[in-house]
Amino acid sequence: MDFGLSEEQELIRDSFQGTLSRICELDVVRQTAEAGAPLDENVWGELCQLGMAGLLIDEDYGGAGLGLLEAAVVAEELGRRVAPVPFVASAVMAPLAIGLGGDEDQRRDWLPGMADGSLRVGVAVSEIAAGAREDAGVTAGNGVLSGRALFVLDAAGAQGYVVADNSGGMHLVKADAGGLEQIGLKTIDRTRAISELSFENTPAEPLRQGEGVLQTIIDAGRVMLAADSLGAGEVMLQQAVDYAADRKQFGRPIASFQAVKHMCAEMASELQPCRALVWHGAYTMQHEPAELSLAAAFAKSHVDEVGRFVARTATEVHGGMGFTDLMGLHYWFKRLGVNRAYLGSPERVRAEAARLQGFTD
Amino acid sequence: MDLNDRAEHKVFREEVRVFLDENKHLAPGESAFSFRMRPRNLAEEVRTWQGLLVDHGFTSRTIPKEYGGYGAEVDILKSRIIADEFFAASVIQGLGNQGISMLVPTMLEHGTEEQKQRYIRPTIRSEIVWCQGYSEPNSGSDLASLQTAAREDGDDFIINGQKIWTSGAHIADMIFCLVRTEPDAPKHEGISYIVFPMDTPGIEVRPLQTMTGTPSFNEVFFTDVRVPMANVVGNRGQGWVVANSTLKHERGLLGDANRSLDSLLRVKKLLQNESLDGRPLMENSLFRDRFIRLQARVQAMRLHEMRMITDAGKGKERGLGDMVVKLLGCELNHQLDGLGIDIMGEIGVLYDESPMLRDGGAWQANFMFDLGLIIGGGTAQIQKNIISERGLGMPREPKVAPKAARA
């Protein structure tokens, strides 16, 4: 048994960490967020140089052919820097959907462009993964889609979309297809682009081998969100520890007060085991695929809970400064908030875990 | 990352299974936890089983042969395989008492050759049962302030004082004890770690009634107890360092993820078997949600343990990941007991004797005992100090200067 990263995986982590610390300072995050841009071109470009977009795409189509564990390692680093780039949908869910569910023609058409970052694909599965709000939903028939999909990930600026219909079929839609409208949704988290898509007899191509793939990409997306939250949470803890060491009250650093130390110790304790849940969820995709859905459900739901706890506690350690825009701590707070709600709330994911184990119908 | 056994470990797992198939009828039908919760004199079959496990290397595996152990190389994966296979077969993997888990590693690290020869073999075979004399009425979390005093008299120490929370003192053959031998030294430097028989004249043991109704620990009084100075383990005055190596071992023992998994599976059985208004509780979505929450935590702790084991195998130093295990594991166990009780509702508060009692009343007893474990071995708050200071590098709370006496 070996429950750890390989040397290659550690190298991937180190190279993303190094690059992100160089090019993705808080200022860059702030500029992208304030401009309402879907991504920072420089960060996106450099990360594509490192192979981020093609991480999971087969070498035959110009990708690196790596696994979900490598993607989780990258997701954690992106979360650490609240990096304003598309990833969960465009570099993980969409490539998996097309790689696993597309036929040869579809893979040839889409994957090479996605691998080098020239083609970005958003993913519209919220109605299936998290449940339908506002009576949203998409119906498919005769090669066209109609209806509305909410909370579409990595949507703004994308050239295409993977769209799930109400009965779980998956479709490829080009961004310039007729009858398609993309409406940006502003969430608390301005580091990632979310949209609503509306379809009116919009031409779409079904993913021809898509059976069972929808659940797989949802599971993979859940593991990525958990990894992103883990990275974001670890950084919030570190910022709280650093701030507490600097800030003096009553003539001493507030880090020497047990009330503050215990808050930090609780955050550290809750965060520590999360890494094993995330890695295991990612590992199962290739090695124990029958376990993926349950492992992803545990990772998503548990890290969501820990993420909320850390987001509020780390902010609290910063006192009034935590509440200001000056510190920028809120970018992490908000990223964690969005990760929790996406692709299934903890409650919904736990209910799925109960069904997967046969506890209920 | 590869969660499968490599070839050597596959073979080893098979060996453990064969042993269990052939011998499990000899095992005492009780868990190590129940022996911890209710320390009592050991039946012959328990000692025989313990000896059999030592001989086959399924407990005390890495203790050198010359001290009665199996002398295996440290292979943390094999230890894990043994634990998992015994757990899967519901067979007790020997007794995890304080002599075995705490005294023996300390002896190996700090004891003289003569002490090792004398004590280790009978201890791992449970022929000598130990208790731990650390806490005192006024020295709990601030253990280094302990006052039990040892004064020199020729080649002996004469010990006077009192210990408390001494688990199993009423059945122990020996005690490992912290006493103040250098009254003028700073508090951490005046303590010695010393061992002596519990039938030494001048020792009085009074069982302490606890909230569970079963006495598991005691007060121990020392009145002019004469102990040879040669019984000090490690150097005189160095007892704090020696004891800390022991406490480290205790902290590891307390957060065992297999025990959490065992609790979780019993909670699941309750959810499936208990009914309310004629419907199985498993149909109740609120209880299901509580169950899955804890299931994710148990899974996290099990996987986290695997990660820590892998790191240790690669020679990485113990760090934050190890420090959090006691705090989280003990809290998790307590929450699992609490969920079990809630599933049973009013039946869950029955105790002692009732035809409706489930599992012999173990749920309430565990709920209370596990709170004890949150407090014992370094309280949750002391654990948080350790995590924040040693793990996160935060400063210690400044010492409060004693106030000048008022006129």
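## A salt bridge across the chains

A:Asp2 pairs with B:Lys314 in a salt bridge, with 3.4 Å between the closest N and O atoms. The term means a side-chain nitrogen of Lys or Arg within 4 Å of a carboxyl oxygen of Asp or Glu. Between chain B and chain A the count is 6 salt bridges.

This is a predicted model: local features need pLDDT of at least 70, side-chain atom pairs count only at pLDDT 80 or more, and totals for chains, interfaces and linings use all residues. Residues are numbered from 1 along each chain as its sequence is written, chains are lettered from A in the order in which they are written, and side-chain values use heavy atoms, without hydrogens and water.

## The interface

Chain B brings 46 residues to the contact and chain A brings 43 residues; contact means heavy atoms within 4.5 Å. About 4,200 Å² is buried between the two chains, and carbon and sulfur atoms give 63% of that area. Buried area is the accessible area (1.4 Å probe) that two parts lose on being put together, summed over both.

## Chain B as a whole

Chain B has 12 helices and 10 strands. These are DSSP runs, numbered from the N terminus: helices are H or I with at least four residues, strands E with at least two.

How much of chain B is buried? Of its 407 residues, 53% count as buried, meaning under 20% relative accessible area (1.4 Å probe, protein chains only). The C-alpha atoms of chain B fill a box of roughly 70 × 60 × 45 Å along the principal axes.

Methods. Buried means under 20% relative accessible area, exposed over 50%, partly exposed in between (1.4 Å probe, protein chains only).
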